Every structure is written in structure tokens, then in C-alpha cells.
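Subject: Structure handover

Hello,

Here is the structure you asked for. Please look it over before reading my notes below.

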Amino acid sequence: MSYLGYVFPSAAAIRPYVEKPRTGPTSRFCADLSKRLHCHVAAGYPERLGDEEEPTPTCATGDDGVPIVSVGANSAVLYGPDGNFIGNYRKTCLYKTDVTWAHPGTGFTTYELPHPLHTMTMGICMDLNAEPPDEMEDATYELARHCVEKNANVLLLLNAWLDSKEELDILKDWHTLNYWAARLRPLWERREDVEDEGSDNGSEDSDYDAEYRSEEEEASSEMGEALKKPILHGHPGQETIVIICNRCGEENGELFAGTSAVFSMIRGSGRPKLLHAMDRQTEDVAIWEI
């Protein structure tokens, strides 16, 4: 969440900061910035539930053992180049930090936007994972399947993903980059009848491709048998640009992975292509040409 951070221990801790869409400080900031820069702007924020919404019990309980009810939703707002409100999305798959206060969304959202974005799907962090993964074997790649079904040209993810703490001396969190790519497998997995075009590309991401293929072929322990399940494919050659904006730094003892990245994922290509990535601890504004 852009203004507040993410690690709130309880509903009581975040309650004073929940805000309304369109009129809250995050929405006003996005509206002003998008109009000033003539671009689309999205940002995460804690959304206050509407007056007509019934608060639901969370999985957390108070000192008296009574379940705590939700006080808001982990949401993202999207504004267009003229400062107009386009939409509001609520995170569907909640992380343990969310479930103490947040009301889950009802499903993924896709927007039809002007050229060059066209069809854009928006997600938040844990939406990359099935919810709950142990009970939804047929929905292992929920978000990626949604992108395929909607023919999404762009997938935008607003993340507060924790650092893998693997090889902390390396500037980028490659373990996390590999995991993100694996969770979006339907967007790039090879089909037997699709030739792997452009495999000898010699670009700066070649080492990453080789590293990823090795992990994929070994079916890494964190993904296990899920990587081998049949999945939904789109039209061969169709591309989805995946933009992942991830939190960096520390908050309340939690270390975030940073490593914000842009991928090109082409149906049937057999590999995700990493176009750009920031470092673990880089907090900056980056302008990348796709």
C-alpha cells in the first residue's frame, strides 16, 4: 500500500487509515499525478468498506476469543491520463497479514484501455498464488489462466513480496524472479506444436533463461507436482507484458524482495523473457521502453 506500508498486526492498527475510493488521499494523488503526467497511474491502499457492506469475520480473534471482523480491503485504484477514475480492484487471494483485517475481493479484474495498453489485468501480490493452494488443484495458476482467458496484453502486479533471503549478497532476488515466472507458466509454457522462436537471443536475460529452465526441468521443491499439471494455453505467439512493482526495504521486522521487474511472456515460447529488473534495495522511479 503506497502511503502506509503493509505490516499491520491487527484490524485495530489499520482501522484509522482505511480510506474511500475516489475521495481518499491515495485516489486524489493518483488522479492528480495521472493528469499532470498524462499517463495511467495505479496504487495500492487500504479501502474502507462501503456503508452497505456487511463486515465479515476474519480468521483472527481478539483477547476474548471472539473473531475480529474485517474493517476494509487490500485494494488498488486505477486512473487514466486525463485524471479520470477507471476502476478499483480488491485483492482476491489474501496473505496472512491481510486476513487479520481485510475483506477479500470477488475475483480478478481486467480493463479495456486505449492503445498501447489495450487489455490489462491487475492483481495484488498473493493473487499470484492459488487460494488456498492445497484445496484448489484445478486452479493452480488462477491469475495466469484469467489472463489467458481475457487475452490480456498487460498484467500489472502491485506487490509487497517478502525477500527469499537466498543469496543476499546478490543484487537481485533471482529466487523470487524465478518464482514469479513459474506462477505465470500458462503465459509462456511450450506446446509441442509451437516452435521456440528466438531462443538464441543473446540478450542480457540469457543467463536468467538458462537458470529458469534448469529450475523448471527439476520441478523445484517449492512448486512440486503443481508445475506438471495440465494448464490452459492461449493463442501461440500472443504476448503478455508482465509489470511487477514490488516493495523494497524493511518494515516491522519483515524484509521485502524489491527486484521490481518487467517480463515478456509469449504463448508457447517455452520461456519467460526478463526485460528489465531493479535491485533488491533500489527505491527509485524507472522508465523502461518495451
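The notes below go from the whole chain to single residues.

Please keep in mind that this is a predicted model.

Overall

The protein chain contains 13 strands and 5 helices. It has 290 residues, and 50% of them are buried. Among contacts with a separation of 6 or more, 70% are between residues 24 or more positions apart. The chain has an accessible surface of about 14,600 Å², and carbon and sulfur atoms account for 49% of that.

Cysteines

How many disulfides are there? The count is 0. Cys-39, for instance, is in no disulfide: the nearest cysteine sulfur belongs to Cys-30 and is 9.8 Å away. Cys-93, at 1%, is buried.

Thr-92

Thr-92 sits in the loop that runs between strand 5 (85-90) and strand 6 (109-112). Is Thr-92 buried or exposed? Its relative accessibility is 18%, so Thr-92 counts as buried, the cut-off for that being under 20%. Setting aside neighbours within four places in sequence, Thr-92 is in contact with Pro-104, Gly-105, Gly-107, Phe-108 and Asp-127.

Backbone points to check by eye

There is a cis peptide bond between His-115 and Pro-116, with omega at about 10°. Pro-116 belongs to the loop between strand 6 and strand 7 (119-124).

Glu-167 is not a glycine, yet it has a positive phi of about 50°. You will find Glu-167 in the loop between strand 8 (154-159) and helix 4 (174-183). Its relative accessibility is 53%, so Glu-167 counts as exposed, given that exposed means over 50%.

Asn-252 also has a positive phi of about 50° and is not a glycine. Where is Asn-252? It lies in the loop between strand 10 (248-251) and strand 11 (254-257). With a relative accessible area of 62%, Asn-252 is exposed.

That is what I have for now.

Regards

Notes
Residues are numbered from 1 along each chain as its sequence is written. This is a predicted model: local features need pLDDT of at least 70, side-chain atom pairs count only at pLDDT 80 or more; totals for chains, interfaces and linings use all residues. Side-chain values use heavy atoms; hydrogens and water are left out. Helices (H or I, at least four residues) and strands (E, at least two) are DSSP runs, numbered from the N terminus. Buried means under 20% relative accessible area, exposed over 50%, partly exposed in between (1.4 Å probe, protein chains only). Contact means heavy atoms within 4.5 Å. Accessible areas come from the Shrake-Rupley method with a 1.4 Å probe; for residues, only the protein chains shown count as cover. A disulfide is a pair of cysteine sulfur atoms within 2.5 Å.
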